[in-house]
Amino acid sequence: MRVLVVEDEPTLNAQLKQALEDDGYVVDTAFDGKEGAFQGEAEPYDCIILDIGLPQKDGLTVLEDWRAAGNTVPVLILTARDRWSDKVKGMDAGADDYVAKPFQMEEVLARVRAIVRRAAGLASNTITCGPISLDLKAGRVTDGGMAVKLTAQEFRVLAYLLTQSGKVVSRTELTEHIYDQDFDRDSNTIEVFVGRLRKKLSQNIIETVRGMGYRIAQDADGATAGTSGGKEA
Ligand code: CA
């Protein structure tokens, strides 16, 4: 999952980036509204954290312009505590959720998880496919109840495929969602990650769709991805 943080305050921007990376996301950053607007249009993010008070172009205008251009990327806005009108304007402009400053980092992380889950149509943080279960919150994968050791990249590949279950995901799309913009991307490495995942998991749940990409298996031994473990709050 790939997130963009648009926040002009350098310390806060760095704290958000660090917390999101610790939670397993790949993170790009922008420090003013113009830069943020451009990146949000150019790259396919799974979520954007957008400050409202930004230099160059304010966050509300950035958001309105994205929505006017048909960009449906999930957006979490950051508002000042005493500016309730910003929350209303932000939600009306097409924000998916908001957090008021100052905030607890855990709250931001929980809201990003909820946004990503909703965008994927999931009711909980746990996605299952046959014997394999992936917990987006804990960053854990189990296979038949046993923990599977995955690298951060392997986890991101599996998590992205599972959240897109039923769809064919191209290597390019996968690459765009598991690396940040500074990474020297090579879509061949995706094949390597998929190969390693197939070796580590007891059941091959990742189908290759020739010439198109990958898809989570829908028919193998009842291996249909779904969610379990409680309803969304
Ligand atoms: Ca600001």
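Against which elements do the buried residues of H2 pack?

1. In this predicted model, the buried residues of helix H2 (residues 33-42) pack against strand E1 (2-6), strand E2 (26-30), E3 and H3. The residues of H2 that are buried are Gly33, Gly36, Ala37, Gln39 and Gly40. At the start of this helix, a side-chain oxygen of Asp32 reaches to within 2.9 Å of the backbone nitrogen of Lys34.

2. The largest nonpolar core has 48 residues, and Leu20, Val112, Leu158, Ile205 and Ile206 are the ones that touch the most other members. Helix H6 (residues 152-163) gives the most to this core, contributing seven residues. Apart from this core lies another, of 18 residues, which includes Val6, Ala30, Ala37 and Ile52. Leaving aside residues up to four places away in sequence, Leu20 touches Val3, Val5, Tyr25, Val27, Ile49, Leu109 and Val112.

3. Asp51 deserves a separate comment. This residue belongs to strand E3 (residues 47-51), and Asp51 counts as buried because its relative accessible area is 4%, where the cut-off is under 20%. A polar contact of 3.1 Å joins the side chain of Asp51 to that of Lys101. When residues up to four places away in sequence are not counted, Asp51 touches Val6, Glu7, Asp8, Gly59, Leu78 and Lys101.

4. Lys101, the partner of Asp51 in that polar contact, is also joined to Pro102 by a cis peptide bond, with omega at about -5°. Pro102 itself is placed in the loop between strand E5 (97-101) and H5.

5. A further backbone feature is found at Gln56, a residue other than glycine whose phi is positive, near 75°. Gln56 sits in the loop between E3 and helix H3 (59-68), and Gln56 is classed as exposed because its relative accessible area is 59%, where the cut-off is over 50%.

6. By class, the lining of the largest cavity divides into six nonpolar, two polar and three charged residues.

7. As for open space, the largest pocket holds about 400 Å³ and is lined by 22 residues, of which Tyr45, Asp46, Val73, Pro74 and Ala119 lie nearest its centre. The elements that give two or more residues to the lining of this pocket are H5 and H6, and H5 provides the largest share, four residues. Ten nonpolar, seven polar and five charged residues make up the lining of the largest pocket.

8. The second largest pocket has a volume of about 230 Å³, and among its 17 lining residues Ala138, Gly139, Arg140, Leu150 and Phe155 lie nearest the centre. Two or more residues of this lining come from each of helix H1 (10-22), strand E8 (140-143), strand E9 (146-148) and H6, the largest share being the three residues of H6. By class, the lining of the second largest pocket has eight nonpolar, three polar and six charged residues.

Notes
Residues numbered from 1 in each chain as written. Predicted model: local features only at pLDDT ≥ 70, side-chain atom pairs only at ≥ 80, totals over all residues. Heavy atoms only, no water. Core = buried A, V, L, I, M, F, W, Y, C linked by side-chain atoms within 4.5 Å. Buried < 20%, exposed > 50% of the residue type's maximum accessible area, 1.4 Å probe, protein only. Contact = heavy atoms within 4.5 Å. Nonpolar A, V, L, I, M, F, W, Y, C, P; charged D, E, K, R; others polar. Polar contact = N/O pair within 3.5 Å; in protein donor to acceptor, adjacent residues only side chain to side chain. 1 Å grid on protein atoms, 1.4 Å probe; cavity = no way out; pocket = protein on both sides within 12 Å on 5 of 7 lines; lining within 4 Å. Points joined across faces, edges and corners; volume = space filled by probe spheres on them.
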